[in-house]
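Look at the chain as a whole before turning to one of its pockets. The text below goes in that order, after a word on how elements are named.

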Amino acid sequence: MQWPWTGIRTKGAKKAYQPDAELIEGLRRRDEQAFLNLYDCHQRTVYRFLMHMTGSIAAAEEITQEVFIAILDAMCAGTMTNFDPGKGTLEGYLLGIARNLVREERRRTHRLISLDSVLETPEWNQRLEKFAQENAAWNAAALIVTRSELRLLYRAILELPAHYREVIVLCSLQEKSYQEAATILRCSEGTIASRMNRAKGLLATKLRRSAAEEVNAASI
């Protein structure tokens, strides 16, 4: 059983929000519309998670498609019964698949991370614009400095071990609660809190080191 799915929905596609229970029931019935609704509801969240985890737009787009292909394969094979709505959300289930695919991708390819394209995305530009609006005194020079600082911060996040990077991405960049992150990562809220504190400490150390290196380079 195969459906003509391109992997990319049109920009004007309307999101059809449905409760998880309804979506999963449709997926188990191999209902094409349920799959398209799932994609419309969760594609952006999965893509953003992958973009932050990989630092690559190309990798994020590729792995996002792999996530939904995995769901499509499960539908066709009749194995969607593996998802238990009592243990988490469909969003968390999809992010769990994405998380595993990222780890496989890194082990397989050791793909180089390039931040140039990521920091030119509408999402990052919107962040800069928001910062600028909150401080009317900012000028073009200040925005350039901020972009440079964001680049350093994002590079530091990408250099974190995966289990620390995951909590930063989920709780800080995607604003998930510790409870939501714990469900997605299948650990306790205490573990999430501990990893977050450790991740923040590592980031602070990396950023201090980067700042010191810039000062030393400027003085040469």
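Helices here are DSSP runs of H or I with at least four residues, and they are numbered from the N terminus. The model is a predicted one.

The protein has nine helices and zero strands, so the pattern read along the sequence is α-α-α-α-α-α-α-α-α, with strands defined as DSSP runs of E. Of its 220 residues, 40% count as buried. Among contacts with a separation of 6 or more, 71% are made by residues 24 or more positions apart. The accessible surface is about 12,400 Å², and carbon and sulfur atoms hold 51% of that area.

Now turn to the second largest pocket, whose volume is about 370 Å³. Its lining is made up of 15 residues, and Gly92, Tyr93, Thr183, Ile184 and Arg186 are the ones nearest the centre. The largest share, six residues, comes from α4. By residue class, the lining of the second largest pocket holds four nonpolar, seven polar and four charged residues.

Which residues of α8 are buried? They are Ala181, Ala182, Ile184 and Leu185. These four lie on the same side of α8, because they cover an arc of only 165° around the axis.

After α8 comes Arg186, which has a positive phi, near 60°.

Conventions: Residues are numbered from 1 along each chain as its sequence is written. This is a predicted model: local features need pLDDT of at least 70, side-chain atom pairs count only at pLDDT 80 or more; totals for chains, interfaces and linings use all residues. Side-chain values use heavy atoms; hydrogens and water are left out. On a 1 Å grid over the protein atoms alone, a cavity is a set of points where a 1.4 Å probe fits but cannot get out, and a pocket is an open set with protein on both sides within 12 Å along at least five of seven lines; lining residues have an atom within 4 Å of a point. Grid points are joined across faces, edges and corners, and a volume is the space filled by probe spheres set on the points. Helices (H or I, at least four residues) and strands (E, at least two) are DSSP runs, numbered from the N terminus. Ala, Val, Leu, Ile, Met, Phe, Trp, Tyr, Cys and Pro count as nonpolar, Asp, Glu, Lys and Arg as charged, and the others, Gly among them, as polar. Buried means under 20% relative accessible area, exposed over 50%, partly exposed in between (1.4 Å probe, protein chains only). The arc is that of the directions from the helix axis to the C-beta atoms. Contact means heavy atoms within 4.5 Å. Accessible areas come from the Shrake-Rupley method with a 1.4 Å probe; for residues, only the protein chains shown count as cover.
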